[in-house]
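Biologist: I would like to learn how to read features in a protein model. Please take me through them one at a time.

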Amino acid sequence: MASKTLEHFLQENLAALKREGLYNEIDPLESPNGPVIKINGKELINLSSNNYLGLATDQRLKEAAIEAIKTYGVGAGAVRTINGTLKLHLELEEKLAQFKHTEAAIAYQSGFNCNMAAISAVMDKADAILSDELNHASIIDGCRLSRAKIITYKHSDIADLREKAKQASESGLYKKIMVITDGVFSMDGDIAKLPEIVSVAEEFDLITYVDDAHGSGVLGKGAGTVKHFGLSDKIDFQIGTLSKAIGVVGGYVAGRRELIDWLKVRSRPFLFSTALTPGDVAACIKAIDILMSSTELHDKLWENGRYLKQGLKQLGFDIGESETPITPCMIGEEKATQEFSKKLYEAGVYAKSIVFPTVPKGTGRVRNMPTAAHTKEMLDQALAIYERVGIEMGILR
């Protein structure tokens, strides 16, 4: 007989989430995840995708994936350390290193896996990690897995970071100290103050770690936040995803060759999880080739981002302090945020509500992500719907 204790826990807590407006409904797509999607037979302008450059539906990537499947099959067949490493994996890693301006790179099955793998492979219970309080959940979990002392500093507060770095360094309690931050913070769209962070790191000999999931393909003419600031030789770990701007799936760590060699023998997802599929790897290679040969998609993304931002701001919406195309529309209360998203959906815009625990309580927002694939006509239509729903709900005067 199934556990009554578990049944009671699940029923009670699911009901509580629904009462508080914190239960997330998942909407399966009936179409590719492009600028316009279809859900339950309804066509919607899609402002919720992380497919920043539109590459997830790019014909060149599709063809590369198909050819790789014909040559290598649908799966790698083993972990990388047994016989799951294809020549394709090595080609991808070489291109990633070129793309990120590092000596070497290692590919993983997801960006989340990168943080679980890399942090715990280098840091342990004798160490300390200085972590921005708004870092992604995968960073938090990777830090916990390492068993290192986790010291959070106030979001992008360099004075607080310096004070805590000084305390940790002078305490004599730790063998190694790492500072870890997102490059671009995905819920607000702001950029980490990497030059100032590097300055603190150099003062106290901190290991530097940047998760650039939302910066790669977006900043630095595509090469990411580290390149944007000209700090490729100052950051020890550059983490990226292959699932957002690159348009496929997977993740990677880029850095000095000795670091990558160490991760290949000590990072558990590399050692114990089957390698990325041939089709995915070939599509990623094609995407990197496109980004290294042209800034056309990058430039279009920023053009669309500025256009949507300006439109929402002119209507009177609070779009926070975003410095990137990520455009939050701040609502506040959780149920109101869910209702706003629902009304947008009914009117023809798919923009998901983001509420606790993804963001702090009382800071609910609809996160908008214009992509390089959107047209001005699509964005104008979305803005008109935003205005109508905003007036209807009393958010706009």
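Modeller: Start with residue classes. Ala, Val, Leu, Ile, Met, Phe, Trp, Tyr, Cys and Pro count as nonpolar, Asp, Glu, Lys and Arg as charged, and the others, Gly among them, as polar. Now some ground rules. This is a predicted model, where local features need pLDDT of at least 70 and side-chain atom pairs count only at pLDDT 80 or more, while totals for chains, interfaces and linings use all residues. Residues are numbered from 1 along each chain as its sequence is written, and side-chain values use heavy atoms, with hydrogens and water left out.

Biologist: How many cavities of 30 Å³ or more does the structure hold?

Modeller: First, the general idea. Rolling a probe the size of a water molecule over the atoms shows where empty space is left. A cavity is a set of points, on a 1 Å grid over the protein atoms alone, where a 1.4 Å probe fits but cannot get out; lining residues have an atom within 4 Å of a point. A volume is the space filled by probe spheres set on the points, with grid points joined across faces, edges and corners. Here there are two cavities of 30 Å³ or more.

Biologist: Which residues line the largest cavity?

Modeller: The lining is R80, H89, A107, Y108, Q109, P269, F270, S273, A275 and L276. Two elements, β3 (104–108) and α11 (268–272), each give two or more residues to this lining. Such names come from DSSP runs numbered from the N terminus: helices are H or I with at least four residues, strands are E with at least two. By class, the lining has six nonpolar, three polar and one charged residues.

Biologist: What lines the second largest cavity?

Modeller: V179, T181, L194, I197, T208, Y209, V210 and I235 do. The volume of this cavity is about 30 Å³. β7 gives the largest share of the lining, three residues. The classes are six nonpolar, two polar and no charged.

Biologist: How much space lies in the largest pocket?

Modeller: A pocket is an open set of points with protein on both sides within 12 Å along at least five of seven lines. The largest pocket here holds about 640 Å³ of space. It is lined by 30 residues, and the closest to its centre are N24, S48, K352, S353 and I354. The lining has 13 nonpolar, 13 polar and four charged residues.

Biologist: Now the backbone. Which residues does a cis peptide bond join?

Modeller: F356 and P357, with omega about 10°. P357 sits in the loop between β12 (353–354) and β13 (364–368).

Biologist: What is phi of N40?

Modeller: Phi of N40 is near 50°, a positive value in a residue other than glycine. N40 is in the loop between β1 (36–39) and β2 (42–46). D205 also is not a glycine, and its phi is positive at about 55°. D205 lies in the loop between α8 and β7.

Biologist: Is N40 buried or exposed?

Modeller: Look at relative accessible area. Buried means under 20%, exposed over 50%, partly exposed in between (1.4 Å probe, protein chains only). N40 has 64%, so N40 is exposed. D205 has 65% relative accessibility and therefore counts as exposed.

Biologist: How does L17 compare with those cut-offs?

Modeller: L17 has a relative accessible area of 34%, so L17 is partly exposed. L17 is in helix α1 (residues 4–19).
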